Amino acid sequence: MTGTSDAEAPTVPRASPPIIAVDAMGGDNAPSEIVKGAVIAVRELGLRVLLVGRRTEIAALLAEEGALRDIPVVHAEDNLAMHEGALASWRRPRSSAAVSCRLIRRGDADALVSAGSTGGIVATSTVRLRTQPGVLRPALAVTLPTGETPTIMVDAGANADAKPEMLVQFAHLGCAYAQTAFGVRRPRVGLLTIGSEPGKGNKLVRRATELLSATSEGSQAMDFRGNIEGHDLLARKVDVVVTDGHTGNVALKSVEGTAAFAMDLVREALTSTTAAKAGAFLQRKALRGLRERLDSETYGGAALLGLNGTVVIAHGDSRAKGVARACQLAHDLAGGRIAEQIRRRVHHRPPNWLHRLAQSDAPPASAPPSPPPPSEGR
């Protein structure tokens, strides 16, 4: 855990617990596992949840769980298929994901959880919730399995082509996430590239390094630690890893694949002989902890940051436990007012200051005075 900063305002608790709209029709195992996950979220985690999808199917599944009166259902006649991408947001305006976003805009829900197509959910939520004023692009933030306080990586796939000033905003989005979800008061930030030495990387990374270094001043100063490499992702050198969506997605899939491969090797070794099986039995508690730590469902999925609402995208093959964890993450982010945290970080300078900085040859000596609070609309 890092040190505190007086400049960072404490999280303001909500007057009432947030309501999580769960896309019951999204995911490889929908709707049965999604409904079961929602039931766990309500009964075991004490969360406020409503399910969005085809009412008849969902009601039948809730009846099987004896939870028909526990969880409200909002009807949506359509859903996004797992193979559908960005165009689905226009093709399917009555999908369960689109209806969930409508509930958030009306104030009937505070967050969306979906295990549907990442591209489809990103596009649908961006079109219907819209980005916060001043945010250039929303970004996907994922947690890496680095211990009690996970490391956050932004962006994990929403923006394959990014600009340097976008990476600066991704850093602020990641810092807001770390503060809200994990209580890290002043997150350490690192830029993912091919070498830790200054000046390493392509033009995007080199310019982003200059801009991030300029954030050491001002009321929302960040603790930028410079470049990190791929082998540092799980080493807890930083709290927030910043990268473009293409690099981040490749890095994330590499980490997940390596973790799965390592667990397969461990399982093979522990079942190879009778003595190994006996040793595994004696260490079963530690092995369960290791398996849970490396399980992608443990952290609930990816948070889409920078929108006028909280969106959590669970893994497409999520089962009940993963859906419940995603609901918990959405609850924590919405309850901690992640959108307000991001708004404070993005708007502590005039909206065009970052663009002028990105176009200049050298960062200015100091930032202009803070503008008046921005309006809520776009």
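Modeller: Start with helix α12. Its buried residues are Ile338, Ala339, Gln341, Ile342, Arg343, Arg345 and Val346. Keep in mind that this is a predicted model.

Biologist: How many residues of α12 are buried, out of how many?

Modeller: 7 of 9, so the helix is mostly covered, with buried meaning under 20% relative accessible area. The helix spans residues 338-346.

Biologist: And what covers the buried residues of α12?

Modeller: The cover includes helices α6 (164-182) and α11, plus strands β10 (302-305) and β11.

Biologist: Is Arg337 buried, partly exposed or exposed?

Modeller: Partly exposed, at 27% relative accessibility.

Biologist: Which other non-glycine residue has a positive phi?

Modeller: Arg236, with phi near 60°. You'll find Arg236 in the loop between β8 and β9.

Biologist: OK, new topic. How many salt bridges are there?

Modeller: The count comes to 14.

Biologist: Give me one. What does Glu33 pair with?

Modeller: Arg319. The two side chains meet in a salt bridge at 3.9 Å, N to O.

Biologist: Why does that pair tie separate parts together?

Modeller: Because of where the partners sit: Glu33 is in helix α1 (residues 32-43), while Arg319 is in the loop between β11 (310-313) and α11 (320-335). In sequence, those parts are 286 residues apart.

Biologist: Buried or exposed, that Glu33?

Modeller: Glu33 is buried, at 12% relative accessible area. Arg319 is partly exposed, at 45%.

Biologist: Which residues join Glu33 in a salt-bridge network?

Modeller: Lys36 and Arg319. Shared partners put Glu33, Lys36 and Arg319 into one network.

Biologist: How do α1 and α11 pack, then?

Modeller: At an angle of about 50°, with axes 7 Å apart. That makes α1 oblique to α11. The crossing of α1 past α11 is right-handed.

Biologist: Which residues make the contact?

Modeller: From α1, Glu33, Ile34, Lys36, Gly37, Ala38, Ile40 and Ala41. From α11, Ala320, Val323, Ala324 and Cys327.

Biologist: How many of those are nonpolar, polar and charged?

Modeller: The contact of α1 with α11 has 8 nonpolar residues, 1 polar and 2 charged.

Biologist: Back to salt bridges. What does Arg188 meet?

Modeller: Asp239. Their side chains form a salt bridge at 3.1 Å, N to O. Arg188 sits in strand β7 (residues 188-192), and Asp239 in the loop between β8 (223-228) and β9 (240-242). The two are 51 residues apart and link distant parts of the chain.

Biologist: Are Arg188 and Asp239 buried or exposed?

Modeller: Both are buried.

Biologist: One more. Which residue does Arg92 bridge to?

Modeller: Asp78, at 3.1 Å, N to O. Arg92 is in the loop between α3 (88-91) and α4 (96-106). Asp78 is in the loop between β3 (73-75) and α3. That pair is 14 residues apart and also links distant parts of the chain.

Biologist: What's the relative accessible area of Arg92?

Modeller: It is 25%, which puts Arg92 in the partly exposed class.

Biologist: Switching to the backbone. Where are the cis peptide bonds?

Modeller: One runs from Ala30 to Pro31, with omega near 0°. Pro31 lies in the loop between β1 (19-23) and α1. Another cis bond joins Val154 and Asp155, with omega about 10°. Asp155 is in the loop between β6 and α6.

Biologist: Last stop is Gly147. Where is it?

Modeller: Gly147 is in the loop between β5 (139-144) and β6 (151-154). At 25% relative accessibility, Gly147 counts as partly exposed.

Biologist: And how far is Gly147 from Leu234 in space?

Modeller: 8.9 Å, C-alpha to C-alpha. In sequence, Gly147 and Leu234 are 87 residues apart.

Definitions and conventions
Residues numbered from 1 in each chain as written. Predicted model: local features only at pLDDT ≥ 70, side-chain atom pairs only at ≥ 80, totals over all residues. Heavy atoms only, no water. Salt bridge = Lys/Arg side-chain N within 4 Å of Asp/Glu carboxyl O. Helix = DSSP H or I, 4+ residues; strand = E, 2+ residues; numbered from the N terminus. Buried < 20%, exposed > 50% of the residue type's maximum accessible area, 1.4 Å probe, protein only. Axes fitted to C-alpha atoms, helices over the stretch in contact; angles between N-to-C directions. Parallel < 35°, antiparallel > 145°, perpendicular 65-115°, else oblique. Left-handed = near helix turned anticlockwise from the far one by under 90°. Contact = heavy atoms within 4.5 Å. Nonpolar A, V, L, I, M, F, W, Y, C, P; charged D, E, K, R; others polar.
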